Amino acid sequence: MPLELGSDRPGIPKTPQGFKRSLVLRHDFSTMDAYYFTPTGKKLRTHNEIAAFIEANPKYQDVKLSAFNFTPPKVMEDTIPEDVVRKIPSIGNSNKKKALKDSA
């Protein structure tokens, strides 16, 4: 099950009333994904899905697409569990791994 976090990045527009913004840390701890939940509980992953929801639900016609931002915050080292080993992107060798906790 993905880890859900409550902190967000600065400058993200206030989520429209009734909607909920959710941040989920990926299993490989590489990045977070931002999702929105509608007042009816439907999970939306893209601006196109939000536009389709608004179009199909006239009750939300006043909600602006610009109020939704899928840019996730940067994953900080202190948000990753200490015992996790994750792949470090590198030029020429994507198999290098680094332990985030000293095993010495």
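F68 has 3% relative accessibility, so F68 counts as buried (under 20% relative accessible area with a 1.4 Å probe, protein chains only). This is a predicted model, where local features need pLDDT of at least 70, side-chain atom pairs count only at pLDDT 80 or more, and totals for chains, interfaces and linings use all residues. Residues are numbered from 1 along each chain as its sequence is written, and side-chain values use heavy atoms, with hydrogens and water left out.

Now the rings. The centres of Y36 and F68 are 4.8 Å apart and their planes stand at 85°, so this pair is edge-to-face (centres within 6.5 Å, planes over 60 degrees apart). Y36 sits in strand β3, residues 32-37, and F68 in the loop between α1 and β5, so the pair ties together parts 32 residues apart in sequence. Strands here are DSSP runs of E, at least two residues, and helices are runs of H or I, at least four, numbered from the N terminus. Y36 is buried as well.

Over the whole structure, the search gives six aromatic pairs. In one of them, F19 and F68 have ring centres 5.2 Å apart and planes at 75°, so that pair is also edge-to-face. F19 lies in the loop between β1 (3-5) and β2 (20-25), 49 residues from F68. Together, F19, Y36, F53, Y60, F68 and F70 make one aromatic cluster.

Last, the core. The largest nonpolar core has 11 residues, among them F19, Y36 and F68; such a core is a set of buried Ala, Val, Leu, Ile, Met, Phe, Trp, Tyr and Cys residues joined through side-chain atoms within 4.5 Å. Helix α1, residues 47-56, gives the largest share, three residues.

How values were computed: Buried < 20%, exposed > 50% of the residue type's maximum accessible area, 1.4 Å probe, protein only. Phe/Tyr/Trp six-rings, centres within 6.5 Å; stacked < 30°, edge-to-face > 60°.
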